[in-house]
Amino acid sequence: MDCSSIPDYTHTLDLVVALGGIPSAFFLPSSNMIIPFIHPLNSKVMNNKKKNEGQTDFSYYGLYLLDYLRNNRFEQATDTAFIRERADRAADTYERARLDGYPAEGAQELAMNILLRGLHYSKHAILREVVESEFADDVPEDKQDGFIAGLLPLVDAVFSIYDLSDDNFALSPDYDLLRTELTGAVVLYIEEYGI
């Protein structure tokens, strides 16, 4: 049998395999062959129907980004156009990299860099880190979510002078300065309002 006429589906399969899909198969009528296909149904993001309700038409990258934005409480979590544009760019990056000869893991790394560029530091995550590390004895773990939610709008001005979209922000002296300013703001908040 001449296999040169069979379409090359390896880049699609590589992506699904790299993302942890479940194997099954589909039949290509034009070639009378069964081609293995992987469904990414075992992904926690893909299976969380209630959380992702109304977002079922997102691709894997779209669902991954949506989950990431929600978990880290980024403002873009409700911006469907932003999520679609990023997911499309990530998928295109993966496909181009595979066509250029990158292994699946390398192509996936490039795609994830595109997907999460400028989204490594959320205000919520940084403030949570400060509260957990500096105020663990003052703010009980069961009250941290409410405490952070109430404090976040009050410290927004502190965040406004820093570039959180810099992917290397945590390596800069500004990161330590931001943490110091947030620590001071938390101290003042606790003195004024308590926990």
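Let me start with Glu95, which is found in helix H4. Helices here are DSSP runs of H or I with at least four residues, strands are E runs of at least two, and both are numbered from the N terminus. At 34% relative accessibility, Glu95 counts as partly exposed; that class lies between buried, under 20% relative accessible area, and exposed, over 50%, with a 1.4 Å probe and protein chains only.

Before going on, the basis. This is a predicted model, where local features need pLDDT of at least 70 and side-chain atom pairs count only at pLDDT 80 or more, while totals for chains, interfaces and linings use all residues. Residues are numbered from 1 along each chain as its sequence is written, and side-chain values use heavy atoms, with hydrogens and water left out.

Now the chain. There are nine helices and two strands, and from the N terminus the order is α-β-β-α-α-α-α-α-α-α-α. Of its 195 residues, 38% count as buried.

Back to H4, residues 80-99. The expected span is 1.5 Å times one less than the number of residues. For the 20 residues of H4 this gives 28 Å, and the end C-alpha atoms are 28 Å apart, which agrees.

Which residues of H4 are buried? They are Phe82, Ile83, Arg86, Ala87, Ala90, Thr93, Tyr94, Ala97 and Arg98. They cover an arc of only 125 degrees around the axis, which puts them on the same side of H4; the arc is that of the directions from the helix axis to the C-beta atoms. An α-helix has 3.6 residues a turn, so residues three or four places apart point the same way. The face turned away from the buried side carries the exposed residues Ala81 and Leu99. After H4 comes Gly101, with a positive phi near 100 degrees.

Tyr60 and Ala91 are 31 residues apart in sequence and 9.0 Å apart in space, C-alpha to C-alpha.

In the loop between H3 and H4 sits Arg73. Its phi is near 55 degrees, a positive value in a residue other than glycine. Arg73 is partly exposed, with a relative accessible area of 46%.

Further along, Glu129 is in helix H6, residues 123-134. Glu129 is partly exposed at 34% relative accessible area. Between Glu129 and Arg179 there are 9.0 Å in space, C-alpha to C-alpha, and the two are 50 residues apart in sequence.

That leaves one more item, a question of class. How many nonpolar, polar and charged residues are in the lining of the second largest pocket? The lining has six nonpolar, five polar and three charged residues. Here Ala, Val, Leu, Ile, Met, Phe, Trp, Tyr, Cys and Pro count as nonpolar, Asp, Glu, Lys and Arg as charged, and the others, Gly among them, as polar.
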